[in-house]
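Open the model in your viewer and keep the sequence panel beside it. This tour goes stop by stop.

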Amino acid sequence: VVDIRKFYADTGMFTYDPGYTSTGSCESAITYIDGDQGILLHRGYPIQDLATNCSFLEVAYLLLEGELPTPEQYGTFEHAITHHTMVHEQIHKFLEGFRRDAHPMAVMCGIVGGLAGFYHDSTDISNPHHRMIASHRLIAKMPTIAAWAYKYSMGQPLIYPRNCLTYAEDLLHMLFAVPCEEYKVNPVLAKAMDRILILHADHEQNASTSTVRLTGSSGANPFACIAAGIASLWGPAHGGANEAVLNMLSEIGSKDNVSACVKRAKDKDDSFRLMGFGHRVYKNYDPRAKIMAQTCHEVLEELGIKDPLLDVALELERIALEDDYFVEKKLYPNVDFYSGIIFRAMNIPVSMFTGMFAVARTTGWVAQWNEMVTDPAQKIGRPRQLYTGPTQRAFVPFDKR
Ligand code: ACO
């Protein structure tokens with residue numbers, strides 16, 4: 001607690017908490033994390049049970065509606081999502097305004113924010129029907145937008161969504177199919193993608209979700225809020241970490257170089273960190289990382305791939321977990337540590353990794369945004385600051401400076 005009254009007598013006391021390490025910003029009934037025990041629950045259900053037994057859309061329904069869907073509820077929800085996967089044809093033109101080498105996250109930020117200009121029947125946040133349609137649209141259209149960002153960067157024709165495919169199959173189909181050629185999605189890869197989407201679906205008040213809430217607290221429309229979330233997710237300390245992990249593993253190159261890399265990560269004069277290690281809340285193994293590691297082995301086995309980067313990753317994990325620095329600071333692999341290796345095996349380019357995360361997290365953002373908008377205690381988010389500038393002083397005219 002800091003006394004700022006030395007400057008302004010009427011402002012009183014407030015907590016100064018950079019990075020909000022100990023500030024709760026809202027009440028939420030969606031996701032629970034016990035960082036010491038390594039527990040993650042969505043609406044009370046352990047992530048392991050959801051990742052093993054549910055489809056991504058079941059988890060999306062759970063996050064949005066609070067309960068797992070009955071078969072009938074699931075059918076209705078799935079129908080609503082699959083029938084909103086198309087984007088307005090003008091979005092094509094919007095997409096063509098980007099350079100071919102634009103980062104897919106830049107394209108996603110722009111297009112998702114721009115959706116508010118296309119869907120006027122879902123921007124009135126006081127109307128429950130508008131909120132529901134906007135939520136369905138965002139969850140449904142995000143795979144299409146992500147896949148189109150990729151296809152555009154490759155200079156390939158865009159592939160339109162197909163309602164007969166599951167959410168994960170459709171995403172893979174839009175990423176990898178080419179016109180006039182039969183493309184059958186590998187069921188093992190579709191299952192793995194579905195699980196990756198579940199593991200990334202929500203994670204309570206992380207940076208991007210807090211950004212979505214803060215943006216929405218001013219009454220901004222949901223498309224603008226989710227675009228803000230995408231922007232926040234892009235950073236290497238957050239969703240960009242999976243891209244950074246793969247770059248780091250490639251730079252390490254071989255198991256022989258792992259010790260030197262761990263040594264570098266401990267050097268306080270060097271800003272280098274082990275990407276994919278550490279978490280603000282988990283001071284134990286991230287439960288999602290364990291499932292991700294298992295999925296990684298399954299995918300590589302199915303594809304018959306022997307990826308040397310997996311050997312580097314396993315060695316890095318082994319050495320770091322035995323190292324006093326990482327043990328004392330409770331730095332364990334997080335969800336991003338293995339996801340990059342899986343994406344690489346699936347032929348998803350590194351520049352699309354964070355985009356895949358954004359597709360999954362859209363569900364959590366939308367659920368949290370709905371909870372925030374309907375919370376009677378909600379106020380506009382407006383943090384205070386600890387002012388460190390000059391006290392009031394005499395103005396100096398231009399010609400006297
Ligand atoms: N490598 C080396 N040292 C680390 C690492 C790391 N990956 N992570 C934290 N530390 C050290 C810090 O240097 C700090 O040391 P100090 O106490 O001597 O100053 C201490 O551990 C605590 O770290 P903070 O940065 O204060 O922890 P914070 O909670 O602010 O950061 C974060 C968490 C951003 C995830 C951090 O661990 C990190 O940068 N990790 C690498 C990036 C990453 O993997 N991000 C993905 C996060 S998960 C997600 O978004 C899905």
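In which loop is E204 found? Select E204: the loop lies between α8 (187-199) and α9 (207-216). Helices are DSSP runs of H or I with at least four residues, strands are runs of E with at least two, and both are numbered from the N terminus.

Before going on, note that this is a predicted model: local features need pLDDT of at least 70, side-chain atom pairs count only at pLDDT 80 or more, and totals for chains, interfaces and linings use all residues. Residues are numbered from 1 along each chain as its sequence is written.

**Two positive phi angles**

Stay on E204. Its phi is positive, about 40°, although E204 is not a glycine. Most residues other than glycine have a negative phi. E204 counts as partly exposed because it has 17 C-beta neighbours inside 10 Å. (Buried means 20 or more other C-beta atoms within 10 Å of a residue's own, exposed means 12 or fewer, and partly exposed is in between; C-beta atoms are placed from the backbone.)

Now select R43, in the loop between β4 (39-42) and β5 (45-46). R43 is not a glycine either, yet has a positive phi of about 50°. R43 is partly exposed, with 19 other C-beta atoms within 10 Å.

**Helix α6**

Select residues 128-154. Helix α6 has 27 residues and reaches 39 Å from its first C-alpha to its last, close to the 39 Å expected. (The expected span is 1.5 Å times one less than the number of residues.) Go to K141, where α6 bends by about 35°. The bend is the angle between axes fitted to the seven residues ending there and the seven starting there. A proline, P143, follows within four residues. After α6 comes G155, with a positive phi near 75°.

**Helix α12**

Select residues 258-266. V258, C261, V262 and A265 are buried. They sit on the same side of α12, because they cover an arc of only 100° around the axis. (The arc is that of the directions from the helix axis to the C-beta atoms.) On the other side, A260 and R264 are exposed.

**H279**

Move to H279, in the loop between α12 and α13 (287-303). Is H279 buried or exposed? H279 counts as buried, with 22 C-beta neighbours inside 10 Å.
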